[in-house]
Amino acid sequence: MYEPIRTKSVHRMADDAQDRIPHRSREEELDIQLAGHLAALLAVTDELGDEAAAERIARQVARLRGAPPARHAGLTGADPAALHRRAHALAGRALVVAASRADTAAAILAAERMDAHTDALDGFRPVGAL
């Protein structure tokens with residue numbers, strides 16, 4: 001009543017696919033995530049014009065990725081206070097990931113950058129404002 005199947009099935013079993021897909025370890029995933037946060041922080045730091053901090057961040061990104069990072073090519077003209085807030089948030093994310101993977105050098109750098117951006121933001125706030 002039914003015609004037999006004459007071609008090979010295009011469907012695969014789920015177990016077959018697991019062997020062919022490369023999987024990354026938790027450590028590798030955290031390295032990728034940390035490098036991404038630091039690269040974003042580098043872009044904001046370049047825009048703020050802090051060359052010394054940018055070089056330190058670039059060294060950490062290069063260490064994590066195995067290659068030097070692309071540097072920020074142009075200025076957006078964003079408000080400096082907004083850039084400091086963004087950099088502070090990015091440094092905070094980098095600190096969390098660095099602590100998770102026990103990367104002391106990156107954690108110290110991220111904490112120092114958070115402090116630097118907090119200090120810079122204090123200059124933009126009126127006295128007595130939260």
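Of the 130 residues of the chain, 31% count as buried. The model is predicted, and its chain has five helices and zero strands, in the order α-α-α-α-α along the sequence. Among contacts in the chain with a separation of 6 or more, 68% come from residues 24 or more positions apart.

**Nonpolar core**

- The largest nonpolar core holds 24 residues, of which L34, L38, L41 and I57 touch the most other members.
- Two or more residues of this core are given by each of α2 (26-48), α3 (51-65), α4 (80-100) and α5 (104-122).
- Apart from its neighbours within four places in sequence, L38 is in contact with I57, Q60, V61, L64 and A94.

**Packing of α2 against α3**

- Two packed helices are described by the angle between their axes and the distance between the axes.
- For α2 and α3, the axes come within 9 Å and cross at roughly 155°.
- Because angles over 145 degrees count as roughly antiparallel, α2 and α3 are roughly antiparallel to each other.
- The crossing in which α2 passes α3 is left-handed.

**Residues of the α2–α3 contact**

- On the α2 side, the contact is made by D31, L34, A35, G36, L38, A39, L41, L42, T45 and D46.
- On the α3 side, the contributing residues are A53, A54, I57, A58, Q60, V61, L64 and R65.
- By class, the contact of α2 with α3 comprises 12 nonpolar, three polar and three charged residues.
- L34, L38 and L41 of α2 and I57 of α3 take part in this contact, and these residues also touch the most other members of the largest nonpolar core.

Technical notes. Residues numbered from 1 in each chain as written. Predicted model: local features only at pLDDT ≥ 70, side-chain atom pairs only at ≥ 80, totals over all residues. Heavy atoms only, no water. Core = buried A, V, L, I, M, F, W, Y, C linked by side-chain atoms within 4.5 Å. Buried < 20%, exposed > 50% of the residue type's maximum accessible area, 1.4 Å probe, protein only. Helix = DSSP H or I, 4+ residues; strand = E, 2+ residues; numbered from the N terminus. Contact = heavy atoms within 4.5 Å. Axes fitted to C-alpha atoms, helices over the stretch in contact; angles between N-to-C directions. Parallel < 35°, antiparallel > 145°, perpendicular 65-115°, else oblique. Left-handed = near helix turned anticlockwise from the far one by under 90°. Nonpolar A, V, L, I, M, F, W, Y, C, P; charged D, E, K, R; others polar.
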